[in-house]
Amino acid sequence: MLNFDLQVIWQELPFLGQGLLTTLLFATLSILVGLVLGTLLALMRLSPFPPFFWLATAYINLFRSIPILLGIFWFYFLVPFIIGRSLGNFASAFIAFVQFEAAYYSEIIRAGIQSVPQGQIGAGLASGLNYPQVMWLIVLPQAFRNMIPPLLTQSIVLFQDTSLISVINVREFMGASRIIAEKEGRPVEIYIFAALIYLLVCLISSQLVKFLEQRTDPKRRRSTETVAVVG
Amino acid sequence: MKKLAVFLSVILLLAMACLVPSKAQEAPPAQLYGALQKIKESGKVVIGHREASVPFSFLDDQKQPAGFSVDLCLQIVEEIKTELGMPDLTVEFTAVNPQTRIPLIANNTIDLECGSTTNNLTRRKQVDYALTTFVTGTKLLVKKDSGIKEIEDLAGKSVAVSQGTTNERVIKAFIEANNIDARIVNVKEVAEGLLSLETDRVDALGSDDILLYGQIVRSKTPDTLEVVGRRLSYDPYAIMMRRDDSALRLVADRRLSKLFASGEFNTIYSKWFEPLKIGENTVPVPMGDGLKNAVELQAFPE
Amino acid sequence: MRYNWNWSILFEDPYLGWILSGLGLTVLVSSLAWVIALVLGSLVGIARTVPVAWVRTLAGFYVEPFRNIPLLVQMFLWFFVLPEIVPEGMGRWLKRDLPYPEFWTTVIGLGFYTAARVADQVRAGIESVPKGKTQAGLASGLTWTQIYRFILLPLSYRLMLPPLTSEFLIIYKNSSLGLTIGLLELTAQARQIEDYTFQGFEAYITASLLYALITILLLVATQGLERQLRIPGLIQRGT
């Protein structure tokens, strides 16, 4: 059955385009919230205050040992029983997703923070700054510069993972593709098209990451792959 | 003295706690409870729909939910609007499939499930149904040249069934009871089953006969397919809702009764079944005796 | 909303059987996929480092698509698209005669996807071996094959143990994607139990605990392995 029907893709482009926009929206929001939550978690993990440390460690280990799909199902099917109402599929997917990504980000951020020489903290404290100020003004800026390549790589993985939320009928790109593939009975053309779009977006993003890496620190050995790949 | 103070304050706190209304209390009959209360508070009704259950509940060419069951549900929504005095009630649609429809009713994600769901006694342990709106049964969809005429002809062949449907249970039970050497392939829902049949993954698709006719009109090659076999089960369809919610049930049944009595139900039926069509393909499905009787018997007087 | 807890239902037939079969399938799929990932990934990863340019580029062509297309999409390509674009006879065999197509498709899809990731780890591992060792080998008259066999590979694999074990854990979690093509692995079984019995919390908690258990067991096993094979003096990356 090698008669490709590109007409279908052309016709449904608006619908698929909307799905892609939803994916981009979802991914962007998840990245932003995930980074904030992840930073918080990393700081808690590094904190000398036992409750913070144990809470963060438990959280991170939990969300790193179960599959994202299971988490998405949790939030969509079971959480409504706990809070008495449903959040709808987009919100459920978003909350579940962000929690997982925050755990993954936090490990990268923690490694980044730990890579800042201890002396910096000591010098900051000696200059009269308090601990939060040291973190905010000295450590985090340097840590983030180190972490940008692995964080960006993880964000590309996050972008790919958004395809999972189609399982609870969110009409993002993969979900929209599935609807068309089943409606028109043309899985071949649609899924190949979807794969190509993802490939394109991710390739371009990876190239941008590599470009950014060269610009920020050309002398450093490429750290994108050598840091233990989390996720 | 101090101990007495502590004791008294604890009693006071407990007394105050008892005054806080608990959600689990049954509201007195005049007040709203259950789905109607939720609808009143949130200002919207959430309807669960199917994506390709032609012609009951599917996405039309504009990818909007449409269909026979959807129309009936929108009628019920009108009745809810009157009941609650909320003419501006909004309707929100959420896609469901046979595996998710019951959990999503149970956890309050959707208020009404408007698809092609069979009302049976086992499911009534978890959910409730409005009046019966369609009558059908399990049959097989096959390619005309396959030579399959009844379920017994499936020996040495494969049949697709959707997970979580009455068809799945009936076909599995029949095959096991009669030792038929057939392979059962699970698909997510009937549309995927059509795809499997057309791409030759399976020899037959087992589902409710009306849904099979709906899949024939969806197909790009309808003349190659046919529905065969005797009815293997009795499947009365009804709109699904949460259990223990007689208030919502009454609203739904009241509207459906009115539709049955006034003949408007027959008009809606004709719109979707006489003929059943998608694009250029049509199949006329006149109202069967079972449904005619159901309409007559369920037109409850005021 | 009310919820009635009932843990005992998980131990009844057929639900206990479902959980066990789900667990078994998860373990089986992940292990088989890991074998593919390790073998294929190593070959590609090594190919990315050889001093022959066209081999490197070719290997690069493998890695890029598999790393930049979501795993879910890849599964769908294997399951829905592949049988339609291969010759008719092979397509029919894939769709009908292959026993348990969801199982094998998940294994292959998961294996090839992870292989691309493993390939990158292997390449990074080989590249991180200090150049001096390779040069010493060349100076001593070893051929490239011997250099790989006696110097580069043994060293780099021991260096790569942490990221590789991380990949193994990731495979276990990714095996859950099999449910989208009908594989009744652990997550799918938890959902099915929820659908049939309404004891969703019990089912999901059990599934989560089982995944966590697998993770812990694997971590313990590989930590032991790491301790055995650790190379003092060379950079050790933590997971």
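This is a predicted model: local features need pLDDT of at least 70, side-chain atom pairs count only at pLDDT 80 or more; totals for chains, interfaces and linings use all residues.
User: How do H7(C) and H9(C) run, roughly parallel or roughly antiparallel to each other?
Analyst: Helix H7 (residues 144-174) of chain C and helix H9 (residues 200-229) of chain C cross at roughly 170°, and their axes come within 10 Å. They are therefore roughly antiparallel to each other. Angles over 145 degrees count as roughly antiparallel, under 35 as roughly parallel, 65 to 115 as roughly perpendicular and the rest as oblique. The angles run from 0 to 180 degrees between N-to-C directions, and axes are lines fitted to C-alpha atoms, for helices over the stretch in contact.

User: Which residues make that contact?
Analyst: Contact means heavy atoms within 4.5 Å. On the H7(C) side they include C:Leu161, C:Pro162 and C:Phe168, and on the H9(C) side C:Ile214, C:Leu218 and C:Leu225 are among them. By class, the contact of H7(C) with H9(C) has 11 nonpolar, three polar and two charged residues.

User: Over to chain A. How many helices and strands does chain A have?
Analyst: Chain A has eight helices and zero strands. These are DSSP runs numbered from the N terminus (helices are H or I, at least four residues; strands are E, at least two). The C-alpha atoms of chain A fill a box of roughly 70 × 50 × 25 Å along the principal axes.

User: At what angle do H1 and H4 of chain A pack?
Analyst: Helix H1 (residues 6-45) and helix H4 (residues 88-114) of chain A pack at about 45°, with axes 6 Å apart. That is why H1(A) and H4(A) are oblique to each other.

User: What area is buried between chain A and chain C?
Analyst: About 4200 Å², of which carbon and sulfur atoms give 70%. Buried area is the accessible area (1.4 Å probe) that two parts lose on being put together, summed over both. Here 42 residues of chain A touch 47 residues of chain C.

User: And what about chain C and chain B?
Analyst: They bury about 1800 Å² between them, with 41% of it on carbon and sulfur atoms. In chain C, the residues that lose the most area to chain B are C:Lys95, C:Arg96 and C:Phe198, together 35% of what that side buries.

User: How many salt bridges are counted at each of those interfaces?
Analyst: Zero between chain A and chain C, and one between chain C and chain B. A salt bridge is a side-chain nitrogen of Lys or Arg within 4 Å of a carboxyl oxygen of Asp or Glu. C:Arg92 and B:Asp200 meet that way at 2.9 Å, N to O.

User: Last topic: which peptide bonds in chain B are cis?
Analyst: The bond from B:Val54 to B:Pro55 is cis, with omega near -5°. The bond from B:Glu274 to B:Pro275 is cis too, with omega near 0°. B:Pro55 lies in the loop between strand S2 (52-53) and strand S3 (57-59) of chain B. Most peptide bonds are trans.

Notes: Residues are numbered from 1 along each chain as its sequence is written. Chains are lettered from A and ligands numbered from 1 in the order in which they are written. Side-chain values use heavy atoms; hydrogens and water are left out. Ala, Val, Leu, Ile, Met, Phe, Trp, Tyr, Cys and Pro count as nonpolar, Asp, Glu, Lys and Arg as charged, and the others, Gly among them, as polar.
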